[in-house]
Amino acid sequence: MAEQLGIRTSDQDSATAARAARNYLETTTDHALVVIDNAEKPEEVLPWIPTAGLTQVVITTTHQAFSNTAHNIDVSVYTTQQAQDYLTSRTNIADPHGAAQVAEELGYLPLALAQAAWLINIRGYTYADYLARVRSAPISHALSAARGDSYPHSTAQSILLSVEQAKSSDPAGAIHAVLEVLPFLSPTGIQKVLLRQILRTISPGSLEQALGNLAEASLITYSVDRSSVMMHRLVQRVLRDRDDDDEEFERIATQLVASLSDYTFSSGEAWQRRSDGLHLCEQITSLTHATSQRSRRHGAEWELLLLHLRSWAQRFLSEVQEYDRSVTIATSLASDSRKILGRENEFTMSAFHNIAHALGKAGQAEEALEMHQTVTAEHERIFGADDLRTLKNRNCLATAYVNEGRIAEGVAIHESVLADRERLLGQDDPDTLTSRHNLAHAYESAGHHVKAIELHKAVLSDRLRIFGPNARQTLEARHCLASAYEISGHFDEAIPLYRKVSADRERILGPDHPSTLNSRRKLASAYAASGRLKEAIDIHRVLVQEREELLGAKHPSTLSFREYLARAYSAAGHHSEAISTLESICAIAEQVLGPDHRSTLNYRHTLAHTYQDAGRVEESLPLHQGVYSHREKILGPDHPLTLDAQHCLASAYGQTPHKKEALLLYQKVLQGRTRIFGPNDQSTLAARHGLAHAYEEAGKFDDAMVFHQAVLDDRLRVFGPEHPATLESRNCLALAYRVANRFDEAITLHEAVAADHARIHGPDHPDTLASRHSLANTYRTANRFDEAATLHEAVAADHARIFGPDHPHTLASRHSLAKTYRAANRLDEAITLHEAVAADHARIHGPDHPHTLASRRNLANTYRVANRFDEAITLHEAVAADHARIHGPDHPETVSSQRELVETRRASKQWSKGRFLRWLIRRHASAA
């Protein structure tokens, strides 16, 4: 339906296309009618029909289960009068009694009456002649009615009489050939181009004539555009059941399997020929169903070939992201292969292996892991540990462990498989290179970035040497090396690689290929991470525009690219654009994908974090709680994604007065990750790091310092001194020292971290600038004002040069410089800078943003230090009122701002009193 409406796109799976069609029908302002014919199961139909809007829905079915969910109108057959009128109008025979007898004989079934009228006209029968012919027509066995059917025996006879008449007017045999194959193909239609491929021995002219004659006989119908022909399921079943000639059946089955196999194509053409492939899969599925009801001899040559044809369909559906359908076919294929070939047959084992892959791609990671474990154990038992098929399964099992979050187990298996493949196959075998590639990704997931980069370099070098620069394997290796550099913060190395692989993929694969789009998107993300946000946003905007023009604004791919644009907006401090974009994405995703779809939940998760970044923490809490609750319900409390959502909820609580709730959640996350992943996993260490900060926010500074030191020790042991996580822990421990007034230790550690960042990442890297900024703040806290000011000035200048004057990092560094000027009693410079920063925050973020309010409070405090009390009081009053309006009277920020107002008023009075006393003293001295 989505294709007919023109809203289905080439990379849209069936479920997404169906949701898009349903949404279109629910929102269109035009009146529409949808007819769902021959429906069988309510649970497969009802979720996809429109429930709002102007669209009317008619469901035809023989199953009473639908009567519980829709208004039931019994139209299964004509009434006696309707049948008589129909026959009279079609045959022009004025014999009501005869018409009534024919109608009764055929059970008043419209399809049978249409064929009877056609045959009466063609042969010049009277009603009595027709009845005599029907009653004497031989039929080998009665139609075996399916569940819910109520067609009489004479219906089959009527159909067969029409078939007999159609074939009698076809001396060339074209009609006979069509009637042989159509009963085994999809009742939803077969494209005439494919039918010509199947019946290639028949001339196109003869085939068209045969189809026209069959349509006149009501044995087939045409699609609206006449590009496809359809045969009713009842006609199909009668024709399949009309005789028991096994040899004839096997001849037809062999012909169809061979013809459909000739129409398959390589996986490299899957996206370009997606429509052809999906249509072919429909025919393969129908052929499988039809032949399964007749096959009496397992192991026939056509049956073995059909297994391979179904395997092609499963792989194709996976390639074009029809994951749910791929799982369905993979499951039935494995079951049938076990029956036909046996449990230990190599094809059967491969079929079960493909189920595991299909489950993984469908997002069912836990089920995929269980299947991989079972299949790998079977391979080891049957073929042995060193068999190449076993190694393939162990490789896939390792990846499944990583995907499920059990990274240490995945890494260990990957290392073992690589060693075995190097020993058995050699260094340059493609499977060996694949193992190195997968191990590199596993190292990335485990946080071992140096190992990952070295291995990715080796894989790229080997693939260049073996496959050449333009091979897909080489392009993949270059892309993954760029990604490894990006993840580890080496943007100068990542960005040129992304540029090259983007250009190469566009040249070789085309601009709209998923791999090309992914490389361009990753280039933008590397720009953003390196601080080149304008370039990142420009690329993301172009990608979104291209997706909208090609696929439409509501396509899932478009939504995904819009999310990346929103993230770039947020990173650049453009929070209003980020939030409006994400709110729009969430609304569309709920309509198109459904409120519980994993992508919809991910978009809500991103929106929650964006609210946090914009200072709207209270609005983020319901979203974080919703994502966490859903994942806990669906995935279980110990699933990695559930624990991630719990961690994010804890982080959000930590930014509110709910410090106790944050601390409890962090403790639960740590317990869960320790239990599931072990104490040395990077996610467990991240949970301990978060708990240390929760202790800080709760005022438990001694506990926080102990945790920071322990996490640092473990990260040093697990990752080494130069890992980003280790540097993060060293920086946070230095901050903890500063809070504890252990300034010498804090400064020594900050200086070392800043030097290491500069050495590892370069002077302009965001992490280097952040570490220098922290060092400058610590200088100021330790009253080393000259060093603090000099360093803050340099950092502010570097931020402005690299990120631009309006970037959040630039504004933060200027804000810190102003505070340092104030601490150093350079008040005129401090006020000038504070006024400029407050104005910039208000212009960029709006008057109610937390950064704007904080900068105005600091300006007011600086006015107070400079004895400009009138300005200080006026500004403090405005800020306190804004906090009360935004957060409420009892919020900590409101209470703190009101306290500062009181202190400023008190200081003003004291200063005024002191000034008066000084005036009196001067006057008295002058008089004397």
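Reply: Gladly; bear in mind that this is a predicted model. Counting disulfides by the distance between cysteine sulfur atoms gives zero.

Me: Ok, switching to helix α33: how many residues does it have, and how far does it reach?

Reply: Helix α33 covers residues 682–697, which is 16 residues, and its first and last C-alpha atoms are 23 Å apart, close to the 22 Å expected at 1.5 Å a residue.

Me: How many of its residues are buried, and what do those pack against?

Reply: In α33, 12 of the 16 residues are buried, so that the helix is mostly covered under the cut-off of 20% relative accessible area. Among them are L685, R688, H689, L691, Y695 and E696. The buried residues of α33 pack against α31 (640–654), α32 (659–677), α34 (701–719) and α35 (724–739).

Me: What about the backbone just after α33?

Reply: Just after that helix, G699 takes a positive phi of about 85°.

Me: Which residues other than glycine have a positive phi?

Reply: N741 is one of them, with phi near 60°; it sits in the loop between α35 and α36 (743–761) and counts as exposed at 54% relative accessibility. N783 is another, with phi near 65°, placed in the loop between α37 (766–781) and α38 (785–803) and exposed at 53% relative accessibility.

Me: Last topic, the second largest pocket: what is its volume, and which residues lie nearest its centre?

Reply: The second largest pocket has a volume of about 870 Å³ and is lined by 32 residues, with G615, R616, H849, P850 and H887 lying nearest its centre.

Me: Which helix gives the largest share of that lining, and how do the lining residues divide?

Reply: The largest share, seven residues, comes from α41, while α28, α30, α40, α42 and α43 are among the helices that each supply at least two. The lining divides into 10 nonpolar, 15 polar and seven charged residues.

Notes
Residues numbered from 1 in each chain as written. Predicted model: local features only at pLDDT ≥ 70, side-chain atom pairs only at ≥ 80, totals over all residues. Heavy atoms only, no water. Helix = DSSP H or I, 4+ residues; strand = E, 2+ residues; numbered from the N terminus. Expected span 1.5 Å × (residues − 1). Buried < 20%, exposed > 50% of the residue type's maximum accessible area, 1.4 Å probe, protein only. Contact = heavy atoms within 4.5 Å. 1 Å grid on protein atoms, 1.4 Å probe; cavity = no way out; pocket = protein on both sides within 12 Å on 5 of 7 lines; lining within 4 Å. Points joined across faces, edges and corners; volume = space filled by probe spheres on them. Nonpolar A, V, L, I, M, F, W, Y, C, P; charged D, E, K, R; others polar. Disulfide = S-S within 2.5 Å.
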